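Please look at the structure first, then read on.

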Amino acid sequence: MLRRPFLFQVYSSNMDEMEDVELVTALPIPVLIRDGATTKNREARLRVLTINDLPTVDLAWKPYLNNTVEAAKANGVRWWRLPQHQEWEWGAKIDPNFMDPSDYLIYGVECDGAMQGLMIVNDMYHALLDDDGEIADSLVEKPIIHIDFLCVAPWNLAELLGTSGKTPRFKSVGRVLMQIAVDLSFENGYRGRVGLYALPQAESFYEKCGMIPMDRECDHECLCYYELIPSAAEVLRGGAK
């Protein structure tokens, strides 16, 4: 089972439903993200959320995303440039009727009173690559941190906002979340290994993070699978760029 990070606070709007959640520190930890207008570093807070927090994020993100997408369409932006994740409903990502919430960790980067990015991870998978980036021996199972979902807030989507001449409020949020996944992997003894299935629009981002693309899998909507090997994880750990 995924070992809970000892540095982070569990954050929830409903404390009554957190009885079996380990509260490990009094404060969330600071992380640095970049102000989109000034490019200067801003201090944000990394929080560990529960599934009870996710509908609130939807309420904050969805109207802005939908309005921005409609404005982009009105400006003649073609469908393939619109966000491929625009139908995501964070409140439905972990359904307790079919999934055990304790198998997952939910991270949020908060700044200026709003969530600037979210990530859901688990460790129920094993690495497909060895330390040299080659297909691993199938008899040797190496656990991995698997990112189920990672996304920045709609007001931080540079490509979408660029269609209307706007600047993201914050940058480097996605990279910070990737670094958190790497840190969690090291903390659990997985040597920085991280894996995920990437939406096509996000593939270049994950490749810039040093992840290795593998095959597209039909049982995962033909998305390309990516893995981060230990040497690349050490590089990514160095800091947001």
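The predictor's confidence in each residue is called pLDDT and runs from 0 to 100. Helices (H or I, at least four residues) and strands (E, at least two) are DSSP runs, numbered from the N terminus. This is a predicted model, in which local features need pLDDT of at least 70 and side-chain atom pairs count only at pLDDT 80 or more, while totals for chains, interfaces and linings use all residues. Residues are numbered from 1 along each chain as its sequence is written, and side-chain values use heavy atoms, without hydrogens and water.

The protein chain has a mean pLDDT of 87, and 86% of its residues reach 70 or more. Confidence is lowest in strand β1 (residues 10-11), with a mean of 34, and highest in strand β7 (residues 170-171), at 98.

The whole structure holds 9 aromatic pairs. Rings of Phe, Tyr and Trp (its six-membered ring) pair if their centres lie within 6.5 Å; planes under 30 degrees apart count as stacked, over 60 as edge-to-face and the rest as tilted. Two of the pairs are listed here.

| Pair | Centre distance | Plane angle | Type |
|---|---|---|---|
| Trp-61 and Trp-90 | 6.3 Å | 90° | edge-to-face |
| Trp-90 and Phe-149 | 6.3 Å | 75° | edge-to-face |

Trp-90 lies in the loop between α1 and β4 and Phe-149 in strand β6 (residues 143-152), so their pair ties together parts 59 residues apart in sequence. Trp-61, Trp-88, Trp-90 and Phe-149 form one aromatic cluster.

Buried means under 20% relative accessible area, exposed over 50%, and partly exposed in between (1.4 Å probe, protein chains only). Trp-61 is buried at 6% relative accessibility, and Trp-90 is buried at 3%. Phe-149, at 21%, is partly exposed.
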